[in-house]
Structures are given as structure tokens and as C-alpha cells.
Amino acid sequence: MKQLWWNACVMGLWLCPGVSAQAQAAVTPDQQQQPVVSVDSERSILSLAAANALIQEAQRAAQANDFSLGVDKATQAVTMLNQISAFQESLSKALSGIDNRISEESKQQALTAAIKRDEASYQLAVIHRAQGKPELAVPLLVRVVASQGIDRTLGQAAFQQLYELGFVKTPYGGNVPAAPATPQPRQLEGETSILSMAAANQLLEIAEKASQASDFAMAVDKTSQAVTMLNQISTFHESLAKSLNGIDTRIADEEKRMALTAAVRRDEASYQLAVTHQAQGKPELSVPLLVRIVVSQGVDRDLGKRAFQRLYDIGFVKTAFSAPAAKTP
């Protein structure tokens, strides 16, 4: 009973005789609150200071050829800066029209973090290239171009890296680097790259041979890899085309053509994969592939028509498609 009385006193349910005012005050809710810890320090995982410290560590590691550590630190910095930018942007939108002073302040902090994120992404791409892993550099460089724009120094530097790697065929503004004494191959143009049309076509050839030999597991694996690869290639080129649109029409059109070429090849590979799934006796795995082909190609193109016909053949759609009769003049 005495213990219950003491617990009630400590919880502040009533004033307890014999307990000092200081002891009672010590358990009030306000006093229980811990002091606010600032995130604006190098110890925080959400501060520009901490991100800058990570970037400096990544630079030192790269200079010492410790690429693994460099990648780890730069990746942490990119993630941190992306979060800071996103959070500040959300706050800016929430305060817009209510307190424009704070809204503009958050917008500026979001922009500062985004620029620093793009610089860290560029550094990470350079480290990946030094590692001999150019495929990992491409998505980072494409995002930098999309974020910074081709009319800013960092965007131009990122596009130049893409040209030197062989992912884009024409340099922006005629910025062709001086030919080295010992020419280096453009790493993304060969069949060993996981981001090249040549590599995708090689995978599809292997898949076709495996399918002819009734090795459907191998055929599915290789075709799936090709579909993923071609989708990435198309997406990256499409993003670059948008970044160059209205600035350098010639390169934008070239990027658009490359995106389209990869997309058509992706749809052809998807159709081949759907056929393989049917041969496996797994028609349900064919449906999402065939539907995406119809959406991508349209039912007025041959590949789209064939995809729709297969959906009809396996019973997913109930009515066969027939092209409308041509209008008489």
C-alpha cells in the first residue's frame, strides 16, 4: 500500500506531504523533455556539414586508390543530400502562401543541398569509372544532366563523361577531348558492357539458341536480362533527349532516336520472352509482357497486333482485334 502511495506521488497525481517541491517538479512533463539536439553538425546524418565531411573522405580515399571506401562515402553523401533537399522542398511547399519568408528560405536550402548532391553524384560517377565500372556511372551522370541542365558547367561535364564512355555519340558544343597518345576504347560500346545494344543483342542470340534447344530456363534468364538492359538504355537516352530539347536539337534528336531504337528492341525482346513463357506452359507470365507491348507499340503496328493476338489466343481478351476498314474517298 505504501508503495502504491509513493508511486502516485511520484507520478504527480496529488501533492504528497513530506516530498519536497524540487522532487515533485523533477517529474513534471516539461522537465522530462530532453534538450533539443541540433542536426546542424558533422555528427548528424541530416546536415550539410556531415555531407561535406563524407565528400572529403571520399576524395581522400579516391586519391589513395581506395575506390571501395570512396564509393561508400560518396554514396552516403548523395543519399543524405537527397534527403535534405527533399525535406526542405516539402517544407517550402507547405509554407508557400502562408509564410513566404520561411518558404523561400527552405527553397534555397533545398537548392543548395540539390547542387551539392549533384556534385557528389558526379564525384561518385568518376570513382566508378576509375574502378572500371562505367555502367554504374551512367545513371548518375544522366541524373546530373537532367538536374543541372546542359547549360550549366556541371551538366556539361557530366554529358562529356557520357560521351567519353561511349554512351552518347556526339559531344555537346563540339567539346571533343584531345586524342590521347594511346587511344582508350569507349567502354560502353563493346559487347562486354551491360549498357550497350551490342551486349543486349548478344544476350538475345544466346536466348534464341537456348530456346531452340528447349532450355527454357536459360532462355528466360538471358532474355530477361536483355529486356532490363534495353529498358535502361531507352530510359537514359530519353532523359538526355529531354535535357537537350530546345538547346541542341541535333543531339536531342539523336538521343531520341537511340531511345526509340532501344525501346523497339526491348519490346521485341519482351515478345520473345512472352513466347518462351508460353512454351514453358506459363501463359500467366506472358500477360504483363504482352500488355506492355500493346501499350508501347500500339495495336496499329505489327508487333502490337501480334501481342494482342497472343492475348486473345491464351484467353486473356475475349475478342480478336481486326483493323478498321480503310475509309473510301
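Author: Two residues are in contact when heavy atoms of theirs lie within 4.5 Å. With that in hand, we can go through this model, which is a predicted one.

Reader: How many helices and how many strands does the chain have?

Author: Reading from the N terminus on, the elements run α-α-α-α-α-α-α-α-α-α-α-α-α. The secondary structure of the chain therefore comes to 13 helices and zero strands.

Reader: What share of the contacts with a separation of 6 or more joins residues 24 or more positions apart?

Author: The chain has 329 residues, and 38% of them count as buried. Among contacts in the chain with a separation of 6 or more, the share that falls to residues 24 or more positions apart is 52%.

Reader: Are α7 and α10 roughly parallel or roughly antiparallel?

Author: Two packed helices are described by the angle between their axes and the distance between the axes. Helix α7 (residues 134-148) packs against helix α10 (residues 216-244) at an angle of about 20°, and their axes are 9 Å apart. Because angles under 35 degrees count as roughly parallel, the relation of α7 to α10 is roughly parallel.

Reader: How many nonpolar, polar and charged residues make up the contact of α7 with α10?

Author: The crossing of these two helices, α7 and α10, is left-handed. On the α7 side the contact is made by Val138, Pro139, Val142, Val145 and Ala146, and on the α10 side by Phe236, Ser239, Leu240 and Ser243. Sorted by class, the residues of this contact are seven nonpolar, two polar and no charged.

Reader: Which residues does Leu141 contact, its neighbours within four places in sequence left aside?

Author: Leu141 is one of the residues that touch the most other members of the largest nonpolar core. Leaving aside neighbours within four places in sequence, Leu141 is in contact with Tyr122, Ala125, Ala158, Gln161, Leu162 and Leu165.

Reader: Is His277 buried or exposed?

Author: His277 lies in helix α11 (residues 249-279), and beyond its neighbours within four places in sequence it is in contact with Val220, Lys282, Pro283, Leu285, Ser286 and Leu289. Its relative accessibility is 9%, and since the cut-off for the class is under 20%, His277 counts as buried.

Reader: Are α11 and α12 roughly parallel or roughly antiparallel?

Author: The axes of α11 and α12 are 8 Å apart, and the helices pack at an angle of about 155°. Because angles over 145 degrees count as roughly antiparallel, the relation of α11 to α12 is roughly antiparallel.

Reader: How many charged residues are in the contact of α11 with α13?

Author: The axes of α11 and α13 come within 11 Å and cross at roughly 20°, so the two helices are roughly parallel to each other. The contact is made by Asp267, Glu268, Tyr271, Val275 and Gln278 of α11 together with Leu303, Arg306, Ala307 and Arg310 of α13. By class, this contact has four nonpolar residues and one polar residue, and its charged residues number four.

Reader: Is Asn65 buried or exposed?

Author: Asn65 is found in the loop between α4 (48-63) and α5, and its phi is near 60°, a positive value in a residue other than glycine. With a relative accessible area of 55%, where over 50% is the cut-off, Asn65 is exposed.

Conventions:
Residues are numbered from 1 along each chain as its sequence is written. This is a predicted model: local features need pLDDT of at least 70, side-chain atom pairs count only at pLDDT 80 or more; totals for chains, interfaces and linings use all residues. Side-chain values use heavy atoms; hydrogens and water are left out. Axes are lines fitted to C-alpha atoms, for helices over the stretch in contact, and angles run from 0 to 180 degrees between N-to-C directions. Helices (H or I, at least four residues) and strands (E, at least two) are DSSP runs, numbered from the N terminus. Angles under 35 degrees count as roughly parallel, over 145 as roughly antiparallel, 65 to 115 as roughly perpendicular and the rest as oblique. A crossing is left-handed if the near helix is turned anticlockwise from the far one by less than a right angle, and right-handed if clockwise. Ala, Val, Leu, Ile, Met, Phe, Trp, Tyr, Cys and Pro count as nonpolar, Asp, Glu, Lys and Arg as charged, and the others, Gly among them, as polar. Buried means under 20% relative accessible area, exposed over 50%, partly exposed in between (1.4 Å probe, protein chains only). A nonpolar core is a set of buried Ala, Val, Leu, Ile, Met, Phe, Trp, Tyr and Cys residues joined through side-chain atoms within 4.5 Å.
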